[in-house]
Amino acid sequence: MQSAEDHSWLLAAQMVLFLIGCTGLYVFVYWQNGGRSAFRESKEEKEARWRLVFAAGLPEVERSDAMLLSSLAQKCDKALRRLIESEDLDLSHQQLDLSHAEALAALVRCNTALGSLDLAHNALDAASLKAIFDGVAASNLQSLDLSGNALYGGEAGEALRSLVLCCPRLSRLVVTNNSLGDDGVRELSRALSNSACALTKVSLARTGLGDGGAYALSAALEANKSLTSVSIWGNDSMSASARAALHRAWGSRKGTLYLGEED
């Protein structure tokens, strides 16, 4: 039988082994976390550290842009390489808002192959669009879906006008389910009338378009014969005379002018 002294020594030895094991585990975790204590590192610090790791895999991209793109990749659960190399990106339903505009600007700036971008059903507003598309004249973007965002009134229309004119290859724009109203559509119509506008397909369905915006759009249709598809359904406040003006402006050109059930 073990004596009391032997039992004490056994307990002491077990305690020492336990402490050695805990110390070893702590050192291992500390090393795995790049020299930082995993027990003191905040969630934000850990995410920032991993963004640095991801960004290191993009030597051809500016470090600041790489960090922004890494953040966007995490937010949208997309492969980082896909963000900067894909020709067709779907970032719809991602709860993107003004706080993500800088990262989206980096995306448009760095992905020179990007031809189609779906940003539908997010929370992007006029300020977001200005931040994303400011100074991207070299963009190859051809199709942009902004359906169901937070684009309201004349300010959003101004942002869309600038966007259209700074994207020389943009041929398709969808802004369905945004409350642009007459003021917003007037501003966008100014872009449609501009000779620099490359759009051929536009959807303004359910945008709160009334007679004022409809007449401005009619003038744009008369000036721009390159438009082949214009969708304006779901704008029930337009009068019969405004609808007639749109039809006259459309004329006999090939393509589709869709005003809805009464068309």
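Predicted model: local features only at pLDDT ≥ 70, side-chain atom pairs only at ≥ 80, totals over all residues.
Trainee: What does the chain contain in helices and strands?

Mentor: The chain has 10 helices and 7 strands. Of its 263 residues, 43% are buried. Among contacts with a separation of 6 or more, 75% join residues 24 or more positions apart.

Trainee: Why are α8 and α9 called roughly parallel?

Mentor: Set the angle against the cut-off. The axes of α8 (residues 181-192) and α9 (residues 211-223) cross at roughly 5°. Angles under 35 degrees count as roughly parallel. The two helices are therefore roughly parallel to each other. Their axes come within 8 Å.

Trainee: Which residues make that contact?

Mentor: From α8 come Asp-182, Val-185, Arg-186, Ser-189 and Leu-192. From α9 come Asp-211, Gly-212, Gly-213, Ala-216, Leu-217 and Ala-220. The set divides into 5 nonpolar, 3 polar and 3 charged residues.

Trainee: What makes β1 and β7 edge strands?

Mentor: Look at the order. The open sheet of 7 strands runs β1-β2-β3-β4-β5-β6-β7, with parallel pairing. β1 (88-90) and β7 (256-258) each have a single partner strand, so one side of each lacks a neighbour in the sheet. That is what puts them at the edges.

Trainee: How do you know that β1 and β2 are paired?

Mentor: Count the bridges. Pairing needs at least two bridges between the strands. β1 and β2 (residues 116-118) have 3 bridges, in the parallel sense. Within it, Leu-89 has Leu-117 of β2 as its bridge partner.

Trainee: What packs on the sheet, touching β6 and β7?

Mentor: Helix α10 (residues 240-250) does. Its direction makes about 175° with that of β7.

Trainee: Why is Asn-235 called buried?

Mentor: Asn-235 has a relative accessible area of 3%. The cut-off for buried is under 20%, so Asn-235 is buried. This residue sits in the loop between β6 and α10.

Trainee: Where is Gly-208, and what does Gly-208 touch?

Mentor: Gly-208 lies in the loop between β5 (201-203) and α9. Beyond four places in sequence, Gly-208 touches Gly-181, Asp-182 and Asn-235. Its C-alpha atom is 9.8 Å from that of Ile-232, which is 24 residues away along the chain.

Trainee: Is Ser-231 buried or exposed?

Mentor: The relative accessible area of Ser-231 is 14%. That is under 20%, so Ser-231 counts as buried. Ser-231 belongs to strand β6. Its side chain makes a polar contact with the side chain of Trp-233, at 3.0 Å. Beyond four places in sequence, its contacts include Val-202, Ser-203 and Tyr-258.

How values were computed. Residues numbered from 1 in each chain as written. Heavy atoms only, no water. Axes fitted to C-alpha atoms, helices over the stretch in contact; angles between N-to-C directions. Helix = DSSP H or I, 4+ residues; strand = E, 2+ residues; numbered from the N terminus. Parallel < 35°, antiparallel > 145°, perpendicular 65-115°, else oblique. Contact = heavy atoms within 4.5 Å. Nonpolar A, V, L, I, M, F, W, Y, C, P; charged D, E, K, R; others polar. Buried < 20%, exposed > 50% of the residue type's maximum accessible area, 1.4 Å probe, protein only. Polar contact = N/O pair within 3.5 Å; in protein donor to acceptor, adjacent residues only side chain to side chain.
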